[in-house]
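Open the model in your viewer and keep the selection tool ready. Each stop below tells you what to select and what is there.

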Amino acid sequence: EEAQSWRTYALAHAYTPEAIGRAVEAGVRCIEHGNLLDAATAARMHEAGAYLVPTLVTYFAIDELGRALGFPAASVAKVKDVLDAGLASLEIAKGAGVPMGFGTDLLGETHEQQSRELSIRAQVLSPAEILRSATVVNAAILNRGGELGVIAAGALADLLVVDGDPLDNLSLLEEQGKHLAVIMKGGQLFVNRLG
C-alpha cells in the first residue's frame, strides 16, 4: 500500500514457494529470483498480476567463478541448490501465464556475463519470449509501458540495430555488443557502425 501511494511497486527477493506466496499475498508485485517456484504458487502469482524476474546467470557465474573471485564458501555451495531448479521455474511460470521480466543480479567482476542470461533462458523459452521479457515486460514492471520497450511515437527511442536476426540467433546480443551496429539511448547515438 505504501509503494502504491508513491505510484511505484514493491519487489521481493524470494526463492521458495512459501516466501513467494507470502510476498504476493502482501501485495508484492515483482518477485526476483523465484528459483524454487512451484505450480500452485505460480498460479497465485498469475491471479495477483505479479511478475517474475529470474536471474539465472548469477548462479551459473557464481558456480563457475565464485571461488576464484573470493565468494564465501557458503555462497558457492548454496548455488548448487538453485541451478537446475531455476530452469524449471521458467517452465512453471510460463505454464501459469506469469509474465517474466529480464534481470541478472550479477555482482562485481561477473557483470560482463549479463547477456549470457539470454542463452540460459533459451534452454526453455523462445527468442521472442526472451526479447519481450527484456523490453515490453520490463517496461510494464517499471510502470513505463509505451515509453520503454517499444518503437512508437512518444517512446524514448532506446534502440539497437543488430547485425543479424536475434530471433534466429540470440547469441548476436552477447559478446559485449560485438554484433550491435547501432546503439541509441533516448534518441542519441552512442554507437554507429553503419558508416
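Predicted model: local features only at pLDDT ≥ 70, side-chain atom pairs only at ≥ 80, totals over all residues.

**Stop 1: a strand pair**

Residues are numbered from 1 along each chain as its sequence is written, and side-chain values use heavy atoms, with hydrogens and water left out.

Now show all of β5 (residues 180-185) with β6. They pair in the antiparallel sense over four bridges. (Strands pair if DSSP finds at least two bridges between them. Strands are DSSP runs of E, at least two residues, and helices are runs of H or I, at least four, numbered from the N terminus.)

The three strands form an open sheet in the order β4-β5-β6, with antiparallel pairing. β4 (159-162) and β6 (188-192) are the edges: each has a single partner strand, so one side of each has no neighbour in the sheet.

**Stop 2: H179**

Go to the loop between β4 and β5 and pick H179. Is H179 buried or exposed? H179 is buried, at 18% relative accessible area. (Buried means under 20%, exposed over 50%, partly exposed in between, with a 1.4 Å probe and protein chains only.)

Next, show contacts, meaning heavy atoms within 4.5 Å. Leaving aside neighbours within four places in sequence, H179 is in contact with V161, V162, D163, S171, L172 and E174.

**Stop 3: helix α3**

Select residues 39-48, helix α3. Which residues of α3 are buried? They are T41, A42 and M45. These cover an arc of only 100° around the axis, so they sit on the same side of α3. (The arc is that of the directions from the helix axis to the C-beta atoms.) An α-helix has 3.6 residues a turn, so residues three or four places apart point the same way.

Color A39, A40 and E47: they are exposed, on the other side of α3. Then show α2 (17-25), β2 (30-33), β3 (51-53) and α5 (73-96), against which the buried residues of α3 pack. After α3 comes G49, with a positive phi near 75°.

**Stop 4: S133**

Finish in helix α7 (residues 127-141), at S133. S133 counts as buried, at 2% relative accessibility. Not counting residues up to four places away in sequence, S133 touches M100, G101, F102, R121 and N138.
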